[in-house]
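Please look over the sequence and the structure shown here before reading on. The briefing that follows is meant for someone meeting them for the first time.

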Amino acid sequence: MKNLSLYKLSTLFKTQYANMLEYRAEIALWAISGVIPFFMLNIWTNNGLNESINISNVMLSRYFLSAFFVRQFSVVWVVFTFEEDALLGRVSPYIIQPLHPFIRYFAQHIAEQITRFPFALFIAILFFIFNPQSVWIPSLLTIIISIFSTFFSFLIQFLMQSIIASFCFWTEKASSIEKLLFIPTLFLSGLLAPVASFPYYVKTWIYFTPFPYLIDFPATILSGNQTKIIEGILMQLLWIILFFFIFNKVWKSGTKKFTAMGL
Amino acid sequence: MSKNIIEVKNISKSFTISAKTPGLKGTLRHFLNRKTIEKKVVKNINFEIQEGEIVGFLGANGAGKTTILKILCGLLYPTAGFISVAGSRPFERDKSFLEKITLIMGQKQQLIWDIPPIDSFYLNAAIYGIEKKEAMKRIKNLSEMLEIDSELYLPVRKLSLGQRMKAELLASLIHNPSILFLDEPTLGLDINAQANLRKFLQIYNKQTGATILLTSHYMKDITYLCRRVICIHEGYITYDGKLKNLLTKLSPNKDISIICKSSKDIDNLKKLNLEIKNINDNQITFTINKLDFKNTLKNILSKFEIEDLHINEPPIDEVIGKILINKKIK
């Protein structure tokens, strides 16, 4: 990391951005495909479920719009890309370059997020046109904290998937391990329902897992709902440090097992 | 005297492979009780390579050539042994080592598929810490040497295989590596593209003094570029030395066909104690040892009136083919 100059990073991002712009249509479709929170909002409000958790319709719609935004900027697919690259032998040239291969994938994700931003904004504008009562302008501080929190959420997911991707050195189908994470991520992250709506006994342990910090925590901050910001950010940082440490360990032992297949 | 840039001592490499018997029974057994075998693909090999040498690795498919290259460039962790490449242990992949080497694999690519190669070149330059101005200079030089120009601005997916290979080469050489590992670099290229690539590598070696290690099944690559070859058979080194000596060992004789003016000459030639292969009217074909070649031919030309003469050597592919089945080349 210490060897990465600003020039190195900026060239990496520019190149990946140029590559991502080749996939404009796909990115628009990916952005549209991330509308699960809006479906969930519809289910919640049409059935009056929000009353049971003391969240107003407006606050709930803001929560799900925020969840949509957080999801747009924290979505990660590194395990699938790395698995494909490993199988096709593309990882080999990356490994023997003086740049950690995962920094390439990291740059790819950031470039994709930048490309995705206008589409996400467009969907948000459409949302406000159909839900004018939900329009709100968060304070600058809220926006800044939300951006950091969303970025931390992205980092947690990126590192989680990078750990799983590193299992490609032992098994060619590491993405199947990732599927084990799909269910807890879907149900515990706050994508389908705010964690505030979960039963008390779930809430007692869920905050000790990384899942609520993926969607619920940043979305709650952005939407202006109440949450423990400092505790949440600290927990995010803790998960980042822990996963970074695990990733390094797995990567180091994994590369010793590397068979450079696909060459 | 050049110093050793690569030292390999008692290197071995094993892979664990799961084997499956055919049929449904085999499939179920493979699922429930997977059997693995340990396959030793490189067996206790030793060699040294001097700075600036071009060395060819010869051997059949699966002999272990590519595995050796992968170990030398730091991709694979050896099971046992000691390696030093440019003063570093390759597997540690320290920055200074990675900046000195490059690995080029035929048909495999590091260029980003959907954008022009020029973008990948600048990215590679940045990765190796080369400033933009210097990168521009190097891209210009290398593209002139490789004879690619307008192709640099087309998406990689639109380039022909030959153009893509040249672009791959440029991307791999932008950091001026001093050690090149080339695994089948001319694979799939047409004859002209192969020749151009060989020429380029020779010039690159002369201009930069780079060390080149090469595997190829195209014998022209080997004969054009390599003075020294290392033959690998089932993970062992069976020969390490000059290509010229290897060819003499494997093919010590030449066939000479002479068309004489009269059958009387044929009769006289028979008396010369030659190893005759064939006689057809006034044409005689015999085999002579390469060491006796000059004297024998001089003797014949001075004593006989001949109409025509052909000297046949077995094709190099045929000779080298013997290496692939020879366990030990003495």
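The points below are grouped by topic.

This is a predicted model, in which local features need pLDDT of at least 70 and side-chain atom pairs count only at pLDDT 80 or more, while totals for chains, interfaces and linings use all residues. Residues are numbered from 1 along each chain as its sequence is written, and chains are lettered from A and ligands numbered from 1 in the order in which they are written. Helices (H or I, at least four residues) and strands (E, at least two) are DSSP runs, numbered from the N terminus.

**The six-stranded sheet of chain B**

- Chain B holds an open sheet of 6 strands in the order 5-6-7-3-8-9, with mixed pairing, where two strands pair if DSSP finds at least two bridges between them.
- Strand 5 (101-105) and strand 9 (236-242) of chain B stand at the edges with a single partner strand each, so one side of each has no neighbour in the sheet.
- On average, neighbouring strands of this sheet are turned by 15° against each other, direction ignored; axes are lines fitted to C-alpha atoms, for helices over the stretch in contact, and angles run from 0 to 180 degrees between N-to-C directions.
- Helix 9 (residues 243-250) of chain B packs on the sheet, where it touches strand 8 and strand 9 of chain B, and its direction makes about 110° with that of strand 9 of chain B.

**Strand 3 of chain B**

- Strand 3 (residues 54-58) of chain B is mostly covered, with 5 of its 5 residues buried; a residue is buried if 20 or more other C-beta atoms lie within 10 Å of its own, exposed if 12 or fewer, and partly exposed in between, with C-beta atoms placed from the backbone.
- I54(B), G56(B) and L58(B) point one way from strand 3 of chain B, whereas V55(B) and F57(B) point the other way, and all are buried.
- Strand 3 of chain B is joined by 4 bridges to strand 7 (residues 211-215) of chain B, and the two run parallel; in strand 7 of chain B, G56(B) has L214(B) as its bridge partner and F57(B) has T215(B).
- Strand 3 of chain B also pairs with strand 8 (residues 228-233) of chain B in the parallel sense over 4 bridges, and C231(B) in strand 8 of chain B is the bridge partner of L58(B).

**The four-stranded sheet of chain B**

- A further open sheet, of 4 strands, has the order 11-12-10-13 in chain B, with antiparallel pairing.
- Its edge strands are strand 11 (275-280) and strand 13 (306-312) of chain B, each of which pairs on one side only.
- Neighbouring strands of this sheet are turned by 20° against each other on average, direction ignored.
- Strand 10 (residues 253-260) of chain B pairs with strand 13 of chain B in the antiparallel sense over 6 bridges, and D308(B) in strand 13 of chain B is the bridge partner of I259(B).

**Helix 5 of chain B**

- Helix 5 (residues 132-146) of chain B has 15 residues and reaches 20 Å from its first C-alpha to its last, close to the 21 Å expected at 1.5 Å a residue, the expected span being 1.5 Å times one less than the number of residues.
- The buried residues in helix 5 of chain B are A135(B), I139(B), L142(B), S143(B) and L146(B).
- Seen down the axis of helix 5 of chain B, these buried residues fall within an arc of 100°, so they line one face of the helix; the arc is that of the directions from the helix axis to the C-beta atoms.
- The face of helix 5 of chain B turned away from the buried side carries the exposed residues K133(B), E134(B), K137(B), K140(B) and E144(B).
- Among the elements covering the buried residues of helix 5 of chain B are helix 4 (117-127), helix 6 (161-173) and helix 7 (191-208) of chain B.

**Where the chains meet**

- The contact takes 27 residues from chain B and 23 residues from chain A, two residues being in contact if their C-beta atoms, placed from the backbone, lie within 7 Å.
- Helix 4 of chain B gives the most to the side of chain B that touches chain A, with 5 residues.
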